[in-house]
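The sequence and the structure come first, and the description follows.

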Amino acid sequence: MTPDTLLRLANLTVPRKPDRGPTIHPDPLASPAAAAHALALPRLGAAQLGALRELHKTIVQLVDGLLSGRSVARQAARLTKLAQPSVATIRLDVGETRTLRARLKWSDPTPIAMLARRVALELAEIDATRLKRCERPACDLVFYDTTRSGTRRWHAESPCGSRERQRRYRAASRTGSSSETH
(Lines give C-alpha, C1' and ligand atoms only; values in the text may rest on other atoms or scores of the structure.)
Protein backbone atom coordinates (compact mmCIF):
# COMPACT_ATOMS: atom_id res chain seq x y z
CA MET A 1 0.00 0.00 0.00
CA THR A 2 1.22 3.46 -0.87
CA PRO A 3 -0.01 6.28 1.40
CA ASP A 4 -1.19 8.51 -1.46
CA THR A 5 -3.36 10.86 0.61
CA LEU A 6 -0.62 11.31 3.22
CA LEU A 7 1.98 12.08 0.55
CA ARG A 8 -0.31 14.43 -1.36
CA LEU A 9 -0.99 16.46 1.80
CA ALA A 10 2.63 16.35 3.04
CA ASN A 11 3.92 17.60 -0.33
CA LEU A 12 1.04 19.99 -1.05
CA THR A 13 2.98 23.25 -0.71
CA VAL A 14 6.46 21.98 -1.65
CA PRO A 15 7.73 23.44 -4.97
CA ARG A 16 7.85 20.78 -7.69
CA LYS A 17 10.72 22.24 -9.73
CA PRO A 18 13.55 23.28 -7.42
CA ASP A 19 16.62 24.96 -8.95
CA ARG A 20 14.55 26.53 -11.72
CA GLY A 21 14.62 30.23 -11.01
CA PRO A 22 12.41 31.91 -8.45
CA THR A 23 10.19 29.65 -6.42
CA ILE A 24 6.97 31.33 -7.48
CA HIS A 25 4.20 28.80 -7.69
CA PRO A 26 0.52 29.08 -6.96
CA ASP A 27 -0.34 28.37 -3.34
CA PRO A 28 -2.75 25.42 -3.40
CA LEU A 29 -4.22 26.59 -0.08
CA ALA A 30 -4.93 30.13 -1.31
CA SER A 31 -8.50 29.43 -2.37
CA PRO A 32 -11.07 26.66 -2.03
CA ALA A 33 -11.01 26.04 -5.80
CA ALA A 34 -7.20 25.72 -5.90
CA ALA A 35 -7.22 23.39 -2.88
CA ALA A 36 -9.99 21.22 -4.32
CA HIS A 37 -8.10 20.95 -7.60
CA ALA A 38 -4.76 20.11 -5.90
CA LEU A 39 -6.37 17.39 -3.76
CA ALA A 40 -8.71 16.03 -6.46
CA LEU A 41 -11.80 16.88 -4.42
CA PRO A 42 -15.12 17.54 -6.17
CA ARG A 43 -15.56 20.77 -4.21
CA LEU A 44 -14.41 22.55 -1.09
CA GLY A 45 -16.29 25.32 0.68
CA ALA A 46 -14.66 28.55 1.81
CA ALA A 47 -15.54 27.68 5.42
CA GLN A 48 -13.52 24.45 5.16
CA LEU A 49 -10.30 26.11 3.99
CA GLY A 50 -9.17 26.87 7.57
CA ALA A 51 -9.69 23.25 8.61
CA LEU A 52 -7.76 22.10 5.53
CA ARG A 53 -4.86 24.38 6.48
CA GLU A 54 -4.92 22.88 9.99
CA LEU A 55 -4.94 19.35 8.53
CA HIS A 56 -2.05 20.21 6.22
CA LYS A 57 -0.01 21.70 9.08
CA THR A 58 -0.74 18.64 11.23
CA ILE A 59 0.37 16.25 8.46
CA VAL A 60 3.57 18.20 7.77
CA GLN A 61 4.46 18.22 11.49
CA LEU A 62 3.57 14.54 11.84
CA VAL A 63 5.74 13.54 8.87
CA ASP A 64 8.62 15.73 10.11
CA GLY A 65 8.33 14.06 13.52
CA LEU A 66 8.33 10.57 12.01
CA LEU A 67 11.36 11.38 9.85
CA SER A 68 13.34 12.91 12.72
CA GLY A 69 12.37 10.34 15.37
CA ARG A 70 10.54 12.87 17.56
CA SER A 71 7.25 12.17 19.30
CA VAL A 72 4.15 12.56 17.13
CA ALA A 73 1.56 12.03 19.87
CA ARG A 74 0.20 15.59 19.70
CA GLN A 75 -0.11 15.49 15.90
CA ALA A 76 -1.73 12.03 16.02
CA ALA A 77 -4.30 13.35 18.51
CA ARG A 78 -5.05 16.35 16.24
CA LEU A 79 -5.41 14.07 13.22
CA THR A 80 -7.76 11.82 15.20
CA LYS A 81 -9.88 14.82 16.15
CA LEU A 82 -10.09 15.96 12.50
CA ALA A 83 -11.10 12.44 11.39
CA GLN A 84 -13.60 11.93 14.21
CA PRO A 85 -16.71 13.11 12.29
CA SER A 86 -16.29 10.18 9.86
CA VAL A 87 -18.54 7.26 10.74
CA ALA A 88 -18.49 3.72 9.39
CA THR A 89 -21.37 1.29 9.11
CA ILE A 90 -20.77 -2.41 8.59
CA ARG A 91 -22.51 -4.67 6.16
CA LEU A 92 -22.16 -8.44 6.09
CA ASP A 93 -22.35 -9.91 2.58
CA VAL A 94 -22.81 -13.58 1.72
CA GLY A 95 -20.91 -14.81 -1.34
CA GLU A 96 -21.96 -17.48 -3.82
CA THR A 97 -20.00 -20.14 -1.94
CA ARG A 98 -21.58 -19.04 1.35
CA THR A 99 -18.47 -17.11 2.38
CA LEU A 100 -19.09 -14.15 4.59
CA ARG A 101 -17.45 -10.81 3.97
CA ALA A 102 -17.72 -7.70 6.10
CA ARG A 103 -17.66 -4.32 4.36
CA LEU A 104 -17.34 -0.91 5.92
CA LYS A 105 -19.21 1.98 4.35
CA TRP A 106 -17.85 5.35 5.40
CA SER A 107 -19.92 8.47 5.83
CA ASP A 108 -17.80 11.60 5.74
CA PRO A 109 -19.67 14.83 6.57
CA THR A 110 -16.83 17.04 5.29
CA PRO A 111 -13.95 16.65 2.84
CA ILE A 112 -11.55 17.41 5.72
CA ALA A 113 -12.90 14.51 7.80
CA MET A 114 -12.57 12.24 4.77
CA LEU A 115 -8.95 13.28 4.14
CA ALA A 116 -8.04 12.96 7.83
CA ARG A 117 -9.66 9.51 8.00
CA ARG A 118 -7.77 8.34 4.90
CA VAL A 119 -4.44 9.58 6.29
CA ALA A 120 -5.08 7.91 9.66
CA LEU A 121 -5.91 4.60 7.97
CA GLU A 122 -2.86 4.88 5.70
CA LEU A 123 -0.56 5.59 8.65
CA ALA A 124 -1.92 2.52 10.44
CA GLU A 125 -1.10 0.32 7.43
CA ILE A 126 2.36 1.50 6.35
CA ASP A 127 5.84 0.88 7.67
CA ALA A 128 6.78 4.38 8.87
CA THR A 129 10.50 3.65 8.43
CA ARG A 130 9.90 3.62 4.66
CA LEU A 131 8.63 7.19 4.73
CA LYS A 132 11.57 9.30 3.54
CA ARG A 133 12.56 12.75 2.34
CA CYS A 134 14.27 13.05 -1.05
CA GLU A 135 18.07 13.10 -0.57
CA ARG A 136 18.65 15.65 -3.30
CA PRO A 137 19.56 18.83 -1.37
CA ALA A 138 17.38 21.06 -3.56
CA CYS A 139 14.29 18.87 -3.12
CA ASP A 140 12.09 18.59 -0.01
CA LEU A 141 9.48 16.12 -1.30
CA VAL A 142 8.47 13.21 0.91
CA PHE A 143 8.00 9.75 -0.59
CA TYR A 144 7.23 6.20 0.47
CA ASP A 145 9.96 3.69 -0.37
CA THR A 146 8.35 0.64 -1.96
CA THR A 147 11.59 -1.07 -3.01
CA ARG A 148 12.27 -4.50 -1.58
CA SER A 149 15.59 -3.40 -0.09
CA GLY A 150 14.21 -0.12 1.29
CA THR A 151 17.17 1.85 -0.09
CA ARG A 152 15.48 4.31 -2.43
CA ARG A 153 17.07 7.74 -2.07
CA TRP A 154 15.09 10.10 -4.29
CA HIS A 155 11.40 10.77 -4.72
CA ALA A 156 11.87 10.03 -8.44
CA GLU A 157 14.71 8.98 -10.69
CA SER A 158 13.93 11.87 -13.00
CA PRO A 159 14.73 14.57 -12.18
CA CYS A 160 16.25 14.08 -8.73
CA GLY A 161 18.21 10.85 -9.13
CA SER A 162 19.82 11.80 -12.42
CA ARG A 163 20.50 15.39 -11.34
CA GLU A 164 22.10 14.32 -8.07
CA ARG A 165 24.42 11.86 -9.86
CA GLN A 166 25.21 14.56 -12.42
CA ARG A 167 26.02 17.04 -9.63
CA ARG A 168 28.33 14.54 -7.89
CA TYR A 169 30.06 13.65 -11.17
CA ARG A 170 30.72 17.31 -11.98
CA ALA A 171 32.02 17.99 -8.48
CA ALA A 172 34.38 15.00 -8.74
CA SER A 173 35.50 16.12 -12.21
CA ARG A 174 36.30 19.61 -10.93
CA THR A 175 38.26 18.18 -8.02
CA GLY A 176 40.13 15.77 -10.30
CA SER A 177 40.97 18.41 -12.94
CA SER A 178 42.20 20.95 -10.34
CA SER A 179 44.55 18.38 -8.79
CA GLU A 180 45.97 17.51 -12.24
CA THR A 181 46.95 21.13 -12.95
CA HIS A 182 49.07 21.46 -9.81
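## The start of the chain

Is T2 buried, partly exposed or exposed? The relative accessible area of T2 is 35%, so this residue is partly exposed. The values here and below come from a predicted model.

T2 sits in the segment before α1, a helix that covers residues 4–10. Setting aside neighbours within four places in sequence, the residues in contact with T2 are L7, Y144 and T146. T2 and E122 are 120 residues apart along the chain, yet their C-alpha atoms are separated by 7.9 Å.

## Overall make-up

The protein chain contains six helices and four strands. Their order along the sequence is α-α-α-α-β-β-α-β-β-α. The chain has 182 residues, and 32% of them are buried.

Among contacts with a separation of 6 or more, 47% join residues 24 or more positions apart. The chain exposes about 11,800 Å², and 53% of this area is supplied by carbon and sulfur atoms.

## Helices α3 and α4

Helix α3 spans residues 49–68 and helix α4 spans residues 73–83. The two helices pack at an angle of about 145 degrees, and their axes are 9 Å apart. Their crossing is left-handed.

On the α3 side, the residues that meet α4 are E54, L55, K57, T58, I59, Q61 and L62. Their counterparts in α4 are Q75, A76, R78, L79 and L82.

V119 belongs to helix α5, which runs over residues 111–125. Its relative accessibility is 0%, so V119 counts as buried; the cut-off for this class is under 20%. Beyond neighbours within four places in sequence, V119 is in contact with T5, L6, L9, I59 and L79. V119 and T80 are 39 residues apart in sequence, with 9.8 Å between their C-alpha atoms.

Q48 lies in the loop between α2 (32–38) and α3. With a relative accessible area of 18%, Q48 is buried. Not counting residues up to four places away in sequence, Q48 touches T110, P111 and I112.

## Salt bridges

How many salt bridges are there? The count comes to five. Three of the residues involved, R91, D93 and R103, are linked in a network.

R91 is exposed, with a relative accessible area of 57%, whereas D93 counts as buried at 17% relative accessibility. D93 also meets the side chain of R103 in a salt bridge, at 2.9 Å from N to O. R103 lies in strand β2 and D93 in strand β1 (residues 87–94), so this pair ties together parts that are 10 residues apart in sequence. R103 is partly exposed, with a relative accessible area of 43%.

Another salt bridge joins the side chains of K132 and D145, with an N to O distance of 2.9 Å. K132 lies in strand β3 (residues 131–133) and D145 in the loop between β4 (142–144) and α6 (157–180), so the pair ties together parts that are 13 residues apart in sequence. Both K132 and D145 are buried.

## A nonpolar patch on the surface

Which residues form the nonpolar patch on the surface? The patch is made of I90, L104, W106 and L121. Together these residues have about 410 Å² of accessible area.

One of the four, L104, is placed in strand β2, which covers residues 100–107. L104 has a relative accessible area of 53% and is therefore exposed, as the cut-off for that class is over 50%. Strand β2 also holds R103, the residue whose side chain meets D93 in a salt bridge.

Technical notes:
Residues are numbered from 1 along each chain as its sequence is written. This is a predicted model: local features need pLDDT of at least 70, side-chain atom pairs count only at pLDDT 80 or more; totals for chains, interfaces and linings use all residues. Side-chain values use heavy atoms; hydrogens and water are left out. Buried means under 20% relative accessible area, exposed over 50%, partly exposed in between (1.4 Å probe, protein chains only). Contact means heavy atoms within 4.5 Å. Accessible areas come from the Shrake-Rupley method with a 1.4 Å probe; for residues, only the protein chains shown count as cover. Patches are made of residues with over 30% relative accessible area and no salt bridge: like charges are joined within 9 Å, nonpolar side chains (Val, Leu, Ile, Met, Phe, Trp, Tyr) within 5 Å. A salt bridge is a side-chain nitrogen of Lys or Arg within 4 Å of a carboxyl oxygen of Asp or Glu. Axes are lines fitted to C-alpha atoms, for helices over the stretch in contact, and angles run from 0 to 180 degrees between N-to-C directions. A crossing is left-handed if the near helix is turned anticlockwise from the far one by less than a right angle, and right-handed if clockwise.
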